[in-house]
Amino acid sequence: MKNHTDVLIFHTQICAGASQICLMADANLIFASAPSRKRSGMEIRMKQKQKAVVLSQREAAPQIYDMWIGTDLAAQAMPGQFLCIYPRDKSTLLPRPISICEVREDRKALRIVYRVAGRGTGEFSQYRAGDAIDIMGTLGNGFPLEEAAGRKAFLMGGGIGVPPVLQLAKELDGEKQIVVGYRDGHTFLREDLEKYGSVYIATEDGSAGTKGNVMDAIAENGLEADIIYACGPMPMLRAIKAYAAEHHIKAYISLEEHMACGVGACLGCVVKTRETDSHSHVNNARICTEGPVFEAGEVEI
Amino acid sequence: MNTQTTIAGITFKNPVMTASGTFGSGMEYSEFVDLNQLGAVVTKGVANVPWPGNPTPRVAEVYGGMLNAIGLQNPGIDVLMERDIPFLKQFDTKIIVNVCGKTVEDYVEVVERLGEEPAVAMLEINVSCPNVKEGAIAFGQKADALFHITEEIKKRARQPVIMKLSPNVTDITEMARAAEAGGADALSMINTITGMKIDIHRRKFALANKTGGMSGPAIKPVAVRMVYQAAQTVKIPIIGMGGIASGEDAIEFILAGASAVSIGAMNFANPYTTAEVVRGIEEYMERYHVENLTDLIGAATA
């Protein structure tokens with residue numbers, strides 16, 4: 001189900017392979033439900049919609065674009081969080097949720113790597129250095145980095161779910177085994193990832209690394225871990241959830257769903273949860289706000 | 001310049017409200033917009049007990065708009081009373097609570113609970129959600145059912161009652177008349193227009209519910225027309241909505257006969273829309289030297 005439409009974009013580019021979509025979804029529960037987040041002792045700032053500037057853009061693989069955006073939102077960005085990007089084309093009402101791939105060292109720029117899936121992302125792919133870009137961020141909870149302390153981790157990404165793994169790999173402490181899956185030999189971000197851990201590749205067509213998916217790569221290389229962080233298409237996340245349960249380890253998975261508002265108001269992007277959550281009072285958490293990262297055992301996928 | 005508008009004896013500082021379901025209970029968008037600037041916050045529909053809503057996907061984009069089939073997921077009246085109303089009370093804006101239910105008794109139960117809370121200025125009764133199987137829309141598409149539920153709610157309500165009308169009817173004036181005859185203090189319109197989208201690549205419905213309610217700028221002309229027709233038919237005031245993106249759009253609804261307007265799907269396209277509409281209305285009034293906003297209500301001529 002890789003992105004046939006932009007709306008998919010919505011959901012998928014937050015994490016996975018699927019599409020990039022999100023009608024984005026849902027809001028500020030920073031004070032209500034999101035765990036308190038701090039970076040360098042600075043309390044996270046409010047969400048903001050702003051006009052930012054494209055610093056550079058290139059095609060990283062067929063239909064996959066790699067863009068750097070100059071924005072002060074970089075100061076608060078956490079691995080696993082996402083941006084909503086608003087097309088200028090007024091026929092496209094909704095922002096496109098796209099995961100943050102990398103934060104520049106000076107924390108004044110963010111990198112996104114996204115797949116063109118429809119009119120919105122098609123428009124973004126035409127942007128050039130110096131163009132304005134309407135973004136909102138930073139959104140979502142991000143990956144819990146502290147859980148990896150003293151543990152051996154799998155950092156797993158599939159398809160357009162690979163990009164958020166990069167900033168995660170940069171910030172996570174400990175032993176990192178980065179396992180990423182692609183459709184074919186266009187293994188975008190591979191060189192970047194190799195700087196931060198041992199990288200294992202799987203491709204559907206066998207043109208690079210293990211032929212098959214990320215689970216096949218784990219088996220073929222005889223890898224083991226005490227904790228998993230992952231972003232990718234739903235079949236991959238289901239396999240990871242089953243693997244984590246079987247091995248009695250925790251897996252933090254980044255989910256995607258079509259979103260509208262992106263800030264928690266519309267209730268478009270929910271996932272069924274094991275427990276009733278404190279916001280909805282039913283078994284539905286908002287992927288844009290309580291997520292997109294959930295411990296696999298907490299959600300029904 | 002006076003931007004005030006009065007509905008059922010309640011005076012609002014300006015005519016700009018939020019459309020139910022697009023703004024939560026205000027908390028999410030309070031990060032972007034100063035709620036003190038708004039005429040009113042209209043909450044997401046609330047039932048007597050928590051509702052889980054529909055399966056996902058619940059939303060899809062369409063040309064110039066979107067479809068949703070959230071299915072009225074809500075945490076129930078207890079949570080609204082304990083969490084959301086106290087939050088909204090911090091702001092100098094009117095609180096309007098949207099009420100949903102499956103049976104007349106469900107609605108009445110919520111209406112009676114809200115009667116205990118003087119901070120709630122008005123009630124908006126959702127008899128027009130196209131996305132739930134029972135209740136709701138069943139009351140909103142037949143004139144006699146609408147008359148009946150309006151009458152039952154009015155017997156128990158302590159606050160003025162707004163009936164929110166569905167556009168998915170043959171004759172909107174018949175529905176407007178039924179609500180007025182049942183004792184409604186005001187009407188709000190339009191709820192979403194039932195639509196469908198199919199993903200031709202996957203050959204699947206875009207929404208799990210198959211059908212969803214369409215909103216956004218693409219529906220605005222339909223909404224303006226219906227507000228006009230209803231305003232020509234009934235004496236009670238109307239809150240107009242449907243794709244409003246700017247002060248100009250809001251003025252168009254007011255000229256068609258609306259006493260106030262609500263911002264819905266455009267909050268998603270731009271979280272600052274409500275505040276921008278307030279400013280846009282003021283700019284229009286300045287430009288055309290309009291002393292009182294109320295002078296514009298229904299002022300369009302042939």
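This is a predicted model: local features need pLDDT of at least 70, side-chain atom pairs count only at pLDDT 80 or more; totals for chains, interfaces and linings use all residues.
Colleague: In chain A, what share of the contacts with a separation of 6 or more comes from residues 24 or more positions apart?

Modeller: Residues are numbered from 1 along each chain as its sequence is written, and chains are lettered from A and ligands numbered from 1 in the order in which they are written. Contact means heavy atoms within 4.5 Å. Among contacts in chain A with a separation of 6 or more, the share from residues 24 or more positions apart is 65%.

Colleague: How many strands does chain A have?

Modeller: Helices (H or I, at least four residues) and strands (E, at least two) are DSSP runs, numbered from the N terminus. Chain A has six helices, and its strands number 19.

Colleague: Is Gly137(A) buried or exposed?

Modeller: Gly137(A) sits in strand E9 (residues 132-139) of chain A. Buried means under 20% relative accessible area, exposed over 50%, partly exposed in between (1.4 Å probe, protein chains only). At 0% relative accessibility, Gly137(A) is therefore buried.

Colleague: Which residues of helix H5 of chain A are buried, and why do they line one face?

Modeller: H5(A) covers residues 214-221, and its buried residues are Val214(A), Met215(A), Ala217(A) and Ile218(A). Looking down the axis of H5(A), these buried residues fall within an arc of 160° (taken from the directions from the helix axis to the C-beta atoms), so they line one face. On the other side, the exposed residues are Ala219(A) and Glu220(A). What covers the buried residues includes strands E10 (152-158), E11 (175-182), E12 (198-203) and E13 (210-211), and helix H6 (234-246) of chain A.

Colleague: How much area do chain B and chain A bury between them?

Modeller: In all, 44 residues of chain B are in contact with 43 residues of chain A. Buried area is the accessible area (1.4 Å probe) that two parts lose on being put together, summed over both. With 64% of it on carbon and sulfur atoms, the buried area is about 3,400 Å².

Colleague: With which side chain does the side chain of Arg58(B) make a polar contact?

Modeller: Arg58(B) lies in the loop between strands E4 (40-42) and E5 (59-62) of chain B, and is buried at 0% relative accessible area. A polar contact is a pair of N or O atoms within 3.5 Å; within protein, one must be able to donate a hydrogen and the other to accept it, and residues adjacent in sequence count only if both atoms are side-chain atoms. The backbone oxygen of Pro52(B) is 3.0 Å from a polar atom of the Arg58(B) side chain. At 2.7 Å, the side-chain partner is Gln73(B).

Notes. Side-chain values use heavy atoms; hydrogens and water are left out.
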